[in-house]
Amino acid sequence: FRATNDLKGDFPGAASQGLAGPLNYIHPNRIQIIGRAELIYFSGLDRNLFLDVLDKLFSSQPAAVLLADGVAVDGQFISSSEKSGTPLWRSSIPDKLLIDELQYFLTHALAERTTQHGVFMEVLGTGVLLTGSAATGKSELALELIARGHRLVADDAPVFSRIAPDIISGSCPALLQDFLEVRGLGVINIRTMFGDSAIKQEKYLRLIIRLQPMNDAELKKVDRLRGSYSHTDVLGIPISEVALPVAPGREMSILVEVAVRQFILLKKGYDATEEFIGRQQQAIDSQQESK
């Protein structure tokens with residue numbers, strides 16, 4: 001396209017316009033799509049009305065006009081396009097399919113983005129961001145998880161995009177693709193070392209696991225019944241977060257797997273803490289009744 005900002009809407013009235021859709025010169029789309037139905041409509045207009053339609057089409061300054069299903073237009077149409085400086089393209093794809101393809105592409109290409117520090121992985125089919133302060137062992141933990149069969153999406157600076165009202169998708173910048181930095185080993189290529197199956201191109205972000213170094217006194221303050229669960233805002237969407245204490249002797253890779261399994265169960269409606277509390281209450285009630 002001529003400019004990304006043109007599609008994002010740096011012009012009057014852009015907020016009310018669609019990105020791509022069939023010909024509409026009353027509420028014009030940023031990319032106007034013309035197929036066979038529109039050509040039939042044009043053919044039924046007298047010359048003056050046809051010129052008026054062309055004027056309305058190109059005066060709205062669309063980012064582009066796209067001819068679907070391989071249709072052709074006359075010289076006047078091409079001349080109006082050139083005069084207004086509007087790109088005129090042609091595709092062999094039918095208009096309905098072309099609209100779907102463009103909407104999907106533009107949703108991803110123009111989505112709001114942010115970069116988060118951490119290692120983004122697919123663990124048990126779930127998008128998990130391992131985060132925490134420097135030297136907490138994020139990369140070493142990621143390497144251990146990869147060795148256990150899980151997959152790396154991005155190390156150090158994963159990029160997250162809001163592609164739907166409730167979906168955050170994470171991916172890796174091209175420069176960092178396949179690489180993982182591990183202290184003492186330097187930069188290693190995970191794809192070369194573990195194979196293609198160890199890499200995932202992108203994944204929806206579902207859970208954040210924050211690694212927190214804690215001493216004995218701090219560990220004693222952790223709620224042993226309910227754990228350390230909260231939410232973190234990412235691009236306006238609350239993402240579930242769990243804080244895992246980092247301490248000598250703790251098998252972090254197993255704890256991460258269990259945290260993900262616990263998260264999956266919570267999403268399905270099962271809460272082990274609530275079940276445990278319920279059993280306790282039943283035991284108390286039974287003791288009281290026996291008295």
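**Salt bridges and a buried serine**

Tutor: Asp52 and Lys56 sit four residues apart in helix H3 (residues 47–59), so about one helical turn separates them. Keep in mind that this is a predicted model.

Student: What do the side chains of Asp52 and Lys56 form?

Tutor: A salt bridge, at 3.7 Å from N to O. Asp52 is partly exposed at 32% relative accessibility, and Lys56 is partly exposed at 38%.

Student: How many salt bridges does the count come to?

Tutor: Nine. One of them joins Glu257 to Arg148, with the closest N and O atoms 2.9 Å apart. Glu257 is in helix H9 (residues 252–267) and Arg148 in the loop between helix H6 (138–147) and strand S8 (151–156), so the pair ties together parts 109 residues apart in sequence.

Student: Is Glu257 buried or exposed?

Tutor: Buried, with a relative accessible area of 12%. Arg148 is partly exposed at 41%.

Student: Which residues are linked in a network of salt bridges?

Tutor: Glu122, Arg151 and Lys203.

Student: Changing topic. Where is Ser81 found?

Tutor: In helix H4 (residues 75–84). Ser81 has a relative accessible area of 4%, under the 20% cut-off, so it counts as buried.

Student: Which backbone oxygen does the Ser81 side chain reach?

Tutor: That of Thr86, at 2.5 Å. Leaving out residues up to four places away in sequence, Ser81 touches Phe58, Thr86, Pro87 and Leu88.

Conventions:
Residues are numbered from 1 along each chain as its sequence is written. This is a predicted model: local features need pLDDT of at least 70, side-chain atom pairs count only at pLDDT 80 or more; totals for chains, interfaces and linings use all residues. Side-chain values use heavy atoms; hydrogens and water are left out. Helices (H or I, at least four residues) and strands (E, at least two) are DSSP runs, numbered from the N terminus. Buried means under 20% relative accessible area, exposed over 50%, partly exposed in between (1.4 Å probe, protein chains only). A polar contact is a pair of N or O atoms within 3.5 Å; within protein, one must be able to donate a hydrogen and the other to accept it, and residues adjacent in sequence count only if both atoms are side-chain atoms. Contact means heavy atoms within 4.5 Å. A salt bridge is a side-chain nitrogen of Lys or Arg within 4 Å of a carboxyl oxygen of Asp or Glu.
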